[in-house]
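Reader: Could you walk me through the side-chain packing here, with the cut-offs spelled out as we go?

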Amino acid sequence: MNKRINQKITASVVAIFVIIAVVAVNILAGIIASKTNFTIDLTQDKVLSFSPLTNEVIKNLQKDITITSIVPESFVDDYKVMSSLRMILKKYDTSSNKITYKVVDTSKNPAFTQKYKLSDGSAINSNFYIFIETDNDYRVLDVNTLVSLTEQYAFLSAEQKITSAIESLTSGKTTKIYFTCDHGEKMDLYGSGSYLPDDYFKGLFADEYFEYEKVSLLNSSVPSDASLLVIMSPATDFTEQEIANLDAYLKSGKNAIITMDYALGSYAFEKINGYFSEWGIEYLNGIAGEKNSSDYFNQNPYYVIPKLNKENALTEKIDQSKIKLAAPFAMPISIKHPMAQSVFSTTSSGFMSDAQTGDSKITGEELNLAVISKRSEEYGSILFLGTKEILSAYYMDASGFGNKEFVKNSIKYLTDSSSYLEIGPKDLSPVYLNYSAQTAKIIILVTVVVIPLIILAIGFVVWRRRKNL
């Protein structure tokens with residue numbers, strides 16, 4: 001009797017110790033999990049793994065960074081964007097004692113967002129924002145701009161934009177873009193009117209902390225604080241003085257973006273085209289088109305979907321099998337200089353038509369639609385675009401095209417913001433198994449019938465053997 005009682009007591013004590021050990025391990029695991037970021041990243045595009053550049057930026061932080069999300073914790077979405085984003089934000093927190101991540105419930109603290117403004121000065125008007133701040137400055141990220149959706153694919157740019165914001169806050173650099181203004185430069189949007197380039201860019205990149213100014217090359221040189229100069233489809237030619245001021249700016253090592261308009265042709269721009277020739281490029285007087293319907297959209301061969309040059313830094317992070325650019329009504333650009341490089345082009349089935357008559361002038365050739373060039377090593381670079389429509393809002397947000405990513409890449413590259421290019425967007429697209437109806441029937445038969453029967457047979461054999469013991 002005593003032996004049986006002792007066994008029961010021993011079993012009870014062991015059970016209690018096991019329970020205590022399990023509870024202690026769970027508590028310890030919870031504490032460790034809150035302080036570290038031990039995860040195994042099995043996502044197809046390593047969504048939860050930081051790039052070497054992000055790790056370097058985090059390692060070298062000298063300022064304390066606070067990352068605050070006001071997105072409701074209860075919010076979920078079909079692509080699991082918020083789930084991935086929350087894990088990425090937590091990873092920033094656990095990767096450095098200089099970074100703190102927190103979530104604020106604005107239903108309980110509605111005044112929290114009042115101290116923040118968007119880059120264009122407007123107020124915070126929804127709960128889908130993330131704030132990244134130091135003790136004296138901040139950046140606001142719209143969650144909607146962190147993901148790009150097409151009919152089949154979803155791309156998350158969270159690491160790209162968060163690291164870029166941290167780098168911007170801690171480097172003290174300001175990206176200041178100047179626009180020429182003496183030649184009728186404007187952006188026309190059908191049904192929306194015309195916009196001056198600086199106003200247009202403010203609206204287009206409201207989530208970026210760029211500064212915009214106008215400059216008259218007729219009256220002055222480009223200010224020394226310029227990060228980038230943009231000449232958006234001038235309607236008249238430049239004077240020799242303006243070209244001299246432009247050359248002096250580029251000779252200082254700074255960069256520029258230039259777009260031209262096919263409707264104006266190239267004949268009316270003798271002086272500026274003469275200057276472009278010194279950079280090894282020539283705008284051809286016509287419109288580029290594609291013969292194959294898979295290489296254009298809107299059932300219009302002049303609405304070209306260009307082929308990207310993957311050896312170019314501006315496009316190497318864009319996966320053209322999943323994201324396409326739109327380059328409608330583009331003037332072809334001829335390359336005549338070894339330091340000029342194609343950024344994107346038509347396919348070898350491309351053609352060029354006369355802008356006025358529509359007659360074919362070139363057929364069956366690969367035509368450059370964007371080129372980046374240096375005049376010599378001492379000069380900066382010019383990104384020559386064959387059409388300003390690449391910058392059109394119609395092909396930016398929610399359009400299914402990757403033009404906004406390309407334009408941002410271009411600006412960041414030309415203004416020396418390396419993080420934006422070195423960290424590509426991550427693919428969140430679901431992976432589907434494509435198999436025939438016959439294969440599906442076999443899979444169902446095996447999983448629903450065959451496997452259960454095998455298990456049942458094994459159980460029956462074991463039962464029979466034990467019965468005969």
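Author: Happy to, and let's begin with T387, whose side chain reaches the backbone nitrogen of E389 at 3.0 Å. A polar contact is a pair of N or O atoms within 3.5 Å; within protein, one must be able to donate a hydrogen and the other to accept it, and residues adjacent in sequence count only if both atoms are side-chain atoms. This is a predicted model, in which local features need pLDDT of at least 70 and side-chain atom pairs count only at pLDDT 80 or more, while totals for chains, interfaces and linings use all residues. Residues are numbered from 1 along each chain as its sequence is written, and side-chain values use heavy atoms, with hydrogens and water left out.

Reader: Which backbone oxygen lies 3.1 Å from a polar atom of the T387 side chain?
Author: T387 is found in the loop between strand 24 (381-385) and helix 8, where helices (H or I, at least four residues) and strands (E, at least two) are DSSP runs numbered from the N terminus. Leaving out residues up to four places away in sequence, T387 touches T259, M260, A327, P328, F329 and A330, a contact being heavy atoms within 4.5 Å. The backbone oxygen at 3.1 Å belongs to P328.

Reader: Is T387 buried or exposed?
Author: Buried means under 20% relative accessible area, exposed over 50%, and partly exposed in between, with a 1.4 Å probe and protein chains only. The relative accessible area of T387 is 3%, so T387 is buried.

Reader: What kind of aromatic pair do Y262 and F329 form?
Author: The structure holds 27 aromatic pairs; rings of Phe, Tyr and Trp (its six-membered ring) pair if their centres lie within 6.5 Å, with planes under 30 degrees apart counting as stacked, over 60 as edge-to-face and the rest as tilted. For Y262 and F329 the values are 5.4 Å centre to centre and 20 degrees between the planes, which makes the pair stacked.

Reader: How many residues apart in sequence are the parts that this pair of Y262 and F329 ties together?
Author: Y262 lies in the loop between strand 12 (256-259) and helix 7 (270-277). F329 lies in the loop between strand 18 (327-328) and strand 19 (333-335), so the parts tied together are apart in sequence by 67 residues.

Reader: And what is the geometry of Y303 and F329?
Author: F329 is partly exposed, at a relative accessible area of 22%. The ring centres of Y303 and F329 are 5.0 Å apart and their planes stand at 70 degrees, so the pair is edge-to-face.

Reader: Why are the buried residues of helix 5 on the same side?
Author: In helix 5 (residues 197-204), P197, D198, Y200, F201 and L204 are buried. The arc is that of the directions from the helix axis to the C-beta atoms. These residues are on the same side of helix 5 because they cover an arc of only 160 degrees.

Reader: Where does V143 lie?
Author: V143 is buried, with a relative accessible area of 6%, and V143 touches V71, M82, L85, F128, Y129 and I130, not counting residues up to four places away in sequence. Its place is the loop between strand 4 (138-142) and strand 5 (147-149).
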